[in-house]
Amino acid sequence: MKAEFHRVLSAWSSYYKHLGKRQQREFLVRTLRFHYTTAFNSTPDFEVTQEMMIVISSAFVQITFGLSADTLSMFRKIFIAPTSYSYKGTKLLFDGDVNIATRQVNLSWPAVEQGFVVTDNGVNLAIHEFGHCLIIEQMHPRSRVTFFSERKLNVWRDLAMNQLPLIRSGHTTLFRGYGGFNLMELFSVSMESFFEQPDEFYSASPVFYRSMADLLKQDPRQRSNPRKHWKLSA
C-alpha cells in the first residue's frame with residue numbers, strides 16, 4: 001500500500017518529490033491517515049480511482065504538514081464531480097466549494113487535476129478549498145480541532161486587511177482578483193501562491209509571507225525540509 005502511495009505522490013506532487021526521504025515518509029503516513037478517515041464519492045457514472053483520492057489527500061497534507069492536526073473534524077466527506085457543477089435553482093457553475101450544511105467538500109476532478117499539472121501559476125483548487133476547511137473548522141464551535149494559534153491568525157488577518165484594497169484596485173498582481181472578495185477567499189488564494197509561487201510571494205510582500213509561514217509553520221522555499229527552516233528563514 002505504501003509503495004502505491006509513494007508512486008502516486010512522486011508522479012503528482014511536486015511538493016512531495018522535493019522533500020527529503022525522512023520527510024517523505026512522514027508525508028506518506030499523513031496522506032494514508034487522511035485518506036482513510038475521509039469518505040470519497042461521486043456520481044454513479046463516474047469512477048473515483050485510488051489515484052484521485054491520493055492526489056486530493058496530498059493537498060490537505062501539504063498545507064498542514066507543519067501543523068499537529070492532520071485530519072479534518074467536520075468535513076469528512078469529499079464529493080468528486082466529473083465536470084463543473086451547479087446547485088439546484090441556479091445556473092452558476094462551480095469547480096469546488098465547501099458546503100457547511102452537508103459538511104462536504106465538493107471538487108471538480110478536471111480542475112483538481114489542472115492544479116497538479118500546472119504547479120507555478122498560483123492556482124490549485126484542492127489547496128484552495130482545503131484552505132476554506134481550515135478556517136471554517138478553526139472558527140466553528142462544533143469542530144474538534146484547532147489548526148492555528150489565535151494570536152498568529154490575528155497577525156495574518158491584520159496584514160490581510162491591508163492587502164484587500166491593493167487587490168481590489170489592481171495594485172498587486174501576485175494574488176488573483178478573486179482574493180479581494182473577502183478575507184476567507186484571500187486566505188485560500190494567498191495559500192495557493194504561498195505554495196506555488198513562494199519566491200515571488202516573498203519578494204512582493206515579505207512581511208505578509210512571513211505571517212503565512214508563521215501560521216502554517218513551514219516555508220515552501222526550503223523544499224527538502226520546509227518545516228526545519230521556517231523560523232530561521234521567516
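The following legends describe close-up views of a predicted model. Local features need pLDDT of at least 70 and side-chain atom pairs pLDDT 80 or more, while totals for chains, interfaces and linings use all residues. Residues are numbered from 1 along each chain as its sequence is written, and side-chain values use heavy atoms, with hydrogens and water left out.

**View 1. Packing of helices H3 and H4.** Helix H3 (residues 21-36) packs against helix H4 (residues 50-63) at an angle of about 115°, their axes lying 9 Å apart. The two helices are therefore roughly perpendicular (angles of 65 to 115 degrees). H3 contributes residues including Phe 27, Arg 30 and Phe 34 to the contact, and H4 residues including Met 53, Ile 54 and Phe 60 (contact: heavy atoms within 4.5 Å).

**View 2. The salt bridge between Arg 30 and Glu 26.** The side chains of Arg 30 and Glu 26 form a salt bridge at 3.6 Å, N to O (a side-chain nitrogen of Lys or Arg within 4 Å of a carboxyl oxygen of Asp or Glu). Arg 30 is buried, at 7% relative accessible area, whereas Glu 26 is partly exposed, at 31% (buried: under 20%; exposed: over 50%; partly exposed: in between; 1.4 Å probe, protein chains only). Glu 26 and Arg 30 also belong to a salt-bridge network with Arg 227.

**View 3. The salt bridge between Lys 152 and Asp 214.** The closest N and O atoms of Lys 152 and Asp 214 are 3.7 Å apart. Lys 152 lies in helix H7 (residues 150-169) and Asp 214 in helix H10, so this pair ties together parts 62 residues apart in sequence. Lys 152 is buried, with a relative accessible area of 14%; Asp 214 is partly exposed, with 25%.

Note on methods: Axes fitted to C-alpha atoms, helices over the stretch in contact; angles between N-to-C directions. Helix = DSSP H or I, 4+ residues; strand = E, 2+ residues; numbered from the N terminus. Parallel < 35°, antiparallel > 145°, perpendicular 65-115°, else oblique.
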